[in-house]
Structures are given as structure tokens and as C-alpha cells.
Amino acid sequence: MNAPDISAPTTSKAAVASLICGIGGFLTGPLTGIPAIITGHIAHGNIRRAGGTLGGGGMALAGLIMGYITSFLIGGIALLAGIATPALLRQQEKAALVMLTSDMRQMQLAFVDFESDYDSYPSDALAARVKEETGQAAKNSLYQLEAAGTVSDLKSLLHVTRKMKGGWNYFPGAKSTDVRRLVLISPSVNGKHKALFSDGTILDFSSAQQEEAVLKAGPGMVLVPVEDVR
């Protein structure tokens, strides 16, 4: 009489694959989470039809659970983050440009205040007079605003965030009575600049327009690097 076969059932390869893919889903999301679901269902079907000769049901169940979690929960979070990120970046860009506009309006008030005492906006031609009357030497013509007391802290007013690139470009010697003369161009925010004109107008400038204005201005233009005001 033959002894009954009491050998242990073979573990389903699909169940093992489901477990491995399910664990991997916590790193890759749906990329391996979905295969975990597929192989988990295959393993359960094979085990059910095998009549006890195939094991690994617990592995398959664990793989299925982790597969659903990583595919739908983590995958859903990643999808929402992908949708929200561009909108967040646009809002940050908008906020940076609004801040630049506000700073420029304050700069325009300072220029007009300076002009009331020195007959024009700051320039190298006024350096000696400003030093004589205030006792302070400005490191460049734009900083004459600070030396003359029309701006208490120019660095704070020209502060830039990590979203901004380049520096401030100042075009000396304008007057408020000049017709649309360029005075100041802001740093770049994703290729967008703000430009202040002598009559107080603030317009949007592209990086190409900024570069063209700097080339036309020549050596008289003053650059305040980002590093100086960050």
C-alpha cells in the first residue's frame, strides 16, 4: 500500500512576483504597483485551481494590498502634485513680479525726491556734489539715493528672491520731465523683467529687450548684481 503524498505545496511564482512588485511600489508607485495587482490576481486564480498543491496565498494577498495602495493612493497623490505644481509655480512667479512692481514704485518716489534737491536723477556727474552736501560717498550713482537720505536702505528695497536672476540695471541722469526715458530694469523672473521709466510708467520687458537696452546704454549703465542685494 502506497503512503499518501504529504509533501508541502509549491509556492506560486506569481505570488512571489506580486509581493516583490507590491513592495517596490512604495518606491515607484504605479510602475510596479499595477504589476503587483495583476500577478496577485493570477496567483490567487492558480492557487484556487491547484487543489492544494500550490501555495503562496498570503504572499499574493499582501502583494495585492500593497499594489492597490501604491497604484491608487500614492499614484493619486503624485498625479495631484503634478497638476498642482505648475499652478504653484505660476503663483510664485506672479508674486515675485508684483513685489518688483511695488519696489519700483517706491524707487520712483525716491528718484523724484532726489531730483527735487539735485535737479535730476542720480548720475556720476552729481557724485562730488552729493558727497560734499551729505558727507557720504556713494559706491555708484544709484546709491546716491541712500547717501542723500531719499532711501534709508537701498539693499532692502532692491532685495531679490531665489526666483530672480541677473541684477538691477540703472540708467543714470534721467528727469521726471523726460518723455518715457528708461530708468531701471529689474532682475529676471523666468525671463520676465519690469522696466521703470522717467514718467513713472512700469512696463513688462522680455530678456531680449533688457539685453538690447543694456547694449544701447553702454558703459554709463549701472549694474547692481543679485549677489549684492540677496
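Mentor: A definition to start: buried means under 20% relative accessible area, exposed over 50%, and partly exposed in between (1.4 Å probe, protein chains only). The model is predicted: local features need pLDDT of at least 70, side-chain atom pairs pLDDT 80 or more, while totals for chains, interfaces and linings use all residues. Numbering runs from 1 along each chain as its sequence is written, and side-chain values use heavy atoms, without hydrogens or water.

Trainee: How many salt bridges does a search of the whole structure find?
Mentor: A salt bridge needs a Lys or Arg side-chain nitrogen within 4 Å of an Asp or Glu carboxyl oxygen. Searched as a whole, the structure has seven.

Trainee: How many residues apart in sequence are the parts that Glu 93 and Lys 192 tie together?
Mentor: Their side chains form a salt bridge, 2.6 Å from N to O. Glu 93 is in helix H3 and Lys 192 in strand S7 (residues 192-197), so the sequence separation is 99 residues.

Trainee: Is Glu 93 buried or exposed?
Mentor: Its relative accessible area is 16%. The cut-off is under 20%, so Glu 93 is buried.

Trainee: Which helix holds both Glu 133 and Arg 129?
Mentor: Helices are DSSP runs (H or I, at least four residues) and strands likewise (E, at least two), numbered from the N terminus. Glu 133 and Arg 129 form a salt bridge, with closest N and O atoms 3.1 Å apart. They sit four residues apart, about one turn, in helix H4.

Trainee: What is the relative accessible area of Arg 180?
Mentor: Arg 180 forms a salt bridge with Asp 199. Arg 180 is partly exposed, at 42%.
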